[in-house]
Amino acid sequence: MYWYEQANCYHLYPLGCFGCENHHIASSQIKHRMLELIDWIPHLQELGMDALYLGPIFESKEHGYDTIDYFTIDHRLGTNADFKQVVSAFHQAGIKIILDGVFHHVGRDFFAFKDLLQNKESSLYRNWFEGVAFTQDSPYHDGFSYACWEGHYNLVKLNLANEEVLDYLLKAIQMWIEEFQIDGLRLDAANCIAFSFFEQLRTFVKAKRADFFLLGEVIHGDYNRWANAQMLDSTTNYEVYKGLYSSFNSRNFFEIAYSLNRQFGDRGIYRGLPLYQFVDNHDVTRICDQLQDPFDLQALYALLFTIPGIPSIYYGSEWGIHGKKEYGSDASLRPAIAIKQQNRSHELLSWISELAHLRKEHPALISGDYAQVIVRNEQFVFQRTCPKERFCVACNLDEQPYTLAFSSDLPLCDVIHHALYFPENEEITLTLPPKSCILLSSMLAEEKDDSLPDEDALVMQINEHAKENLPQAEQSDPNEIIINGIYRHFKGNLYKVIALATHSEEEKPYVIYRQMYGDFALWVRPLDMFLETIERDGMRFKRFQFLFRQNEADQLTK
């Protein structure tokens with residue numbers, strides 16, 4: 001599994017975020033604004049992000065999607081040396097960098113188009129662009145017409161079938177990969193580009209790095225046409241984007257449930273495909289304006305981080321900022337934000353951070369199969385299942401509590417509130433609070449992880465070398481339970497504590513722990529039983545004796 005299949009992604013539009021001028025004047029002074037990105041690293045780490053997708057940063061005249069020079073950082077943002085420093089800092093922090101690759105079109109100040117404007121029919125670059133016709137005129141009265149992107153004649157369409165154009169672009173991509181170590185490209189307007197270009201692009205970049213990420217911007221159509229073993233790794237999932245906010249606004253979960261089942265269910269057309277999931281971006285109205293009821297925000301983000309795919313956060317939305325696409329302008333969608341002035345304790349930010357970290361901790365949310373369990377107008381339950389875990393998501397849009405039941409042969413733990421739900425007659429009954437989303441997990445028995453210490457060898461090493469080799473166990477309170485702590489049962493076997501939880505009805509505390517031998521079965525026992533002292537052969541023993549934390553076991557076996 002490649003890094004991008006497990007990543008939480010953060011999308012930032014640099015020209016807007018750092019308050020750059022709307023129009024780039026060639027003679028203007030270079031501004032080193034890009035270095036401010038380094039100040040965002042602690043925020044992205046706290047938020048649980050693994051990758052940063054940067055909007056266009058190559059030299060351009062306006063919004064970045066009108067590229068002038070593919071080999072140079074936009075002077076409104078800084079220099080190539082600045083970018084190299086930024087990439088190094090993010091990589092040291094464990095965060096990947098994805099750049100916006102605008103290869104469908106260029107700006108009118110692109111060197112080859114300027115040559116065409118000057119030399120007309122005799123230009124060496126007349127075949128670098130599609131649709132050049134000297135029998136017609138453009139809206140700029142150039143003396144010829146040309147193909148452009150969706151009627152915008154300031155965005156000149158490249159002829160990607162021209163080998164010279166292809167070589168030029170691949171050389172630029174090679175430079176950013178080899179010299180700057182970027183980790184991926186988001187391909188702008190991918191649905192407007194010939195498949196043959198993506199096939200050649202994939203062959204080129206994957207030969208350099210097998211894990212180099214190729215993400216295509218595709219709005220409509222069958223995403224398999226672009227995301228497949230011959231072309232791209234992923235596409236934007238606009239179908240689910242629309243289904244998410246629309247289902248909440250219309251109080252109709254059937255819409256998003258249909259899309260998710262069609263895409264990822266047993267016979268889903270995108271099963272196993274890591275599609276790029278989002279609730280807003282640089283082109284669409286912010287989710288805080290798109291969603292009619294702000295109290296639905298938490299449940300909507302819970303779905304974003306638990307459905308299949310790569311979840312993405314658009315910069316600023318973690319603080320609930322507003323921005324509408326209106327009057328033909330995207331300016332309000334791409335505001336300047338000074339990271340040092342933002343509220344680090346914002347409730348929505350904390351919730352998104354918790355969800356992002358939960359996704360890292362629960363394997364079913366990364367690779368688990370998707371299955372619809374219950375769908376009603378205002379209630380929705382689905383589950384993700386992998387060999388290690390079953391994870392259930394239960395949403396209620398109603399303004400009143402709602403009780404529902406679904407099949408389960410295992411107890412489920414609310415991973416947010418740490419309540420335990422035990423099945424009765426192989427059925428779990430839940431009462432969902434008003435306008436809520438409950439996240440439930442049941443860790444399953446799994447094959448032994450070879451990276452864990454062998455149980456018998458570990459017991460022997462503990463008995464022989466504990467005083468010399470193990471750090472002193474830190475347990476000031478004998479009744480304290482250490483999460484990820486290794487405990488020895490009085491009969492000698494070892495167990496690892498996974499979590500503490502409270503019974504949903506009895507409000508009684510339980511310990512969830514896994515045996516470190518055999519089939520690694522999961523156990524759930526009352527806390528008082530776990531902590532009790534027992535008598536055997538005239539001697540008193542603690543039922544479970546704390547030994548050390550998991551990382552200390554790793555030290556012992558090195």
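## What you are looking at

This is a predicted model, in which local features need pLDDT of at least 70, side-chain atom pairs count only at pLDDT 80 or more, and totals for chains, interfaces and linings use all residues. Residues are numbered from 1 along each chain as its sequence is written, and side-chain values use heavy atoms, with hydrogens and water left out.

For the protein chain the mean pLDDT is 90, and 92% of the residues reach 70 or more. Residues 445–473 have a pLDDT below 50, and that stretch has 49 contacts in the model beyond near neighbours in sequence (a contact means heavy atoms within 4.5 Å). Residues 552–558 also stay under 50, with 13 contacts beyond four places in sequence. Where pLDDT is low, the predicted coordinates should not be read in detail.

## A buried strand and its partners

A word on names: helices (H or I, at least four residues) and strands (E, at least two) are DSSP runs, numbered from the N terminus. Is strand β5 mostly buried or exposed? Five of the six residues in β5 (residues 96–101) are buried, so this strand is largely enclosed by the rest of the structure. Buried means under 20% relative accessible area, exposed means over 50%, and partly exposed is in between (1.4 Å probe, protein chains only).

Strands count as paired if DSSP finds at least two bridges between them. β5 pairs in the parallel sense with strand β2 (residues 51–54) over four bridges, and Tyr53 stands opposite Ile98 in β5. β5 also pairs in the parallel sense with strand β9 (residues 184–187), again over four bridges; here Asp100 has Arg186 in β9 as its bridge partner.

## An open three-stranded sheet

Elsewhere, three strands make an open antiparallel sheet in the order β6-β8-β7. β6 (105–107) and β7 (148–149) are at the edges with a single partner strand each, so one side of each has no neighbour in the sheet. Three bridges join β6 to strand β8 (residues 152–157), and Val106 stands opposite Val156 in β8.

## Spaces inside

On a 1 Å grid over the protein atoms alone, a cavity is a set of points where a 1.4 Å probe fits but cannot get out, and its lining residues have an atom within 4 Å of a point. Points are joined across faces, edges and corners, and the volume is the space filled by probe spheres set on them. There are three cavities of 30 Å³ or more.

The largest cavity holds about 70 Å³. Its lining includes Tyr53 and Arg186, along with His11 and Phe278 among others, and divides into four nonpolar, four polar and one charged. (Ala, Val, Leu, Ile, Met, Phe, Trp, Tyr, Cys and Pro count as nonpolar, Asp, Glu, Lys and Arg as charged, and the others, Gly among them, as polar.) The second largest cavity, at about 40 Å³, has eight nonpolar lining residues, no polar and no charged. Among them are Phe58, Tyr70 and Trp176, and helix α6 (residues 163–178) gives the most to this lining, with three residues.

## Two loop residues with positive phi

Most residues other than glycine have a negative phi. Glu426, though, has a phi near 55°. Glu426 sits in the loop between β19 (419–421) and β20 (427–432) and counts as exposed, at 57% relative accessibility. Lys435 has a positive phi too, near 45°, and is found in the loop between β20 and β21 (436–443).

Definitions and conventions. 1 Å grid on protein atoms, 1.4 Å probe; cavity = no way out; pocket = protein on both sides within 12 Å on 5 of 7 lines; lining within 4 Å. pLDDT = per-residue confidence, 0-100.
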